[in-house]
Amino acid sequence: MQIVKSFTVDLTEVRGRGDVKCPRCGARISPDDKTEDTYAILEAIMEGENLEKIAIQCNKCKSQIHLTGFHILNSVQDGHTLSSY
Ligand SMILES: [Zn+2]
């Protein structure tokens, strides 16, 4: 049996537009990527109306990656939406 490694990535520590690299194989995982070629979403955990955590699996190396820190991303996106309209 293959042992599945799991990692936690805090988005508050990720610079840029929220793109994440797989801690194991370095595959680029973008929240904007809806194709799921690079990763598959396993589970999304909500805290009230806000996204608390997403568990994803890297399709390259099959690692599980837990993304946290979405409250920062949400506030950034809100500001972006306001300035674009
Ligand atoms: Zn990977």
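Which residues is isoleucine 56 in contact with, leaving aside its neighbours within four places in sequence? In this predicted model, the partners of isoleucine 56 are Ile29, Tyr39, Ala40, Ile41, Leu42, Ile65 and Leu67. The report below sets this residue in the context of the chain, its sheet and its loops.

**Overall arrangement**

The protein chain contains six strands and one helix. Read from the N terminus, the order of elements is β-β-β-β-β-β-α. Of the 85 residues in the chain, 11% are buried. When contacts between residues at least 6 apart in sequence are considered, 43% of them join residues at least 24 apart.

Four strands form an open sheet in the order 1-6-5-4, and the pairing is mixed. Strand 1 (6-10) and strand 4 (39-47) each have a single partner strand and stand at the edges, so one side of each lacks a neighbour in the sheet. On average, neighbouring strands of this sheet are turned by 20 degrees against each other, direction ignored.

| Strand pair | Direction | Bridges | A bridge pair |
|---|---|---|---|
| Strand 4 and strand 5 | antiparallel | eight | glutamate 43 and alanine 55 |
| Strand 5 and strand 6 | antiparallel | five | alanine 55 and histidine 66 |

Strand 5 covers residues 50-58 and strand 6 covers residues 64-68. As a general point, side chains in a regular strand alternate between the two faces of the sheet.

Strand 4 and strand 5 also form a hairpin with two residues between the strands. In this hairpin, glycine 48 adopts a positive phi near 65 degrees.

**The nonpolar core**

The largest nonpolar core has eight residues: Val20, Cys22, Ile29, Tyr39, Ile56, Cys58, Ile65 and Leu67. Strand 5 and strand 6 are the elements that give two or more residues to this core. Isoleucine 56 belongs to the core, and its contacts include the core members Ile29, Tyr39, Ile65 and Leu67.

**Two loop residues**

Lysine 62 is located in the loop between strand 5 and strand 6. Its phi is near 70 degrees, a positive value in a residue other than glycine. Is lysine 62 buried or partly exposed? Lysine 62 counts as partly exposed because 14 C-beta neighbours lie inside 10 Å, whereas a buried residue would need 20 or more.

Threonine 38 lies in the loop between strand 3 (28-29) and strand 4. Threonine 38 is likewise partly exposed, since it has 15 other C-beta atoms within 10 Å. Leaving aside neighbours within four places in sequence, threonine 38 is in contact with Ala27, Arg28, Ile29, Asp33, Asn59 and Lys60.

**Confidence**

The average pLDDT of the protein chain is 80, and 75% of the residues score at least 70. Over residues 81-85, however, the pLDDT is below 50. Beyond near neighbours in sequence, this stretch has zero contacts in the model. Where pLDDT is low, predicted coordinates should not be read in detail.

Note on methods: Residues numbered from 1 in each chain as written. Buried ≥ 20, exposed ≤ 12 C-beta atoms within 10 Å, placed from the backbone. Contact = placed C-beta atoms within 7 Å. Pairing = 2+ DSSP bridges. Axes fitted to C-alpha atoms, helices over the stretch in contact; angles between N-to-C directions. Core = buried A, V, L, I, M, F, W, Y, C linked by C-beta atoms within 7 Å. pLDDT = per-residue confidence, 0-100.
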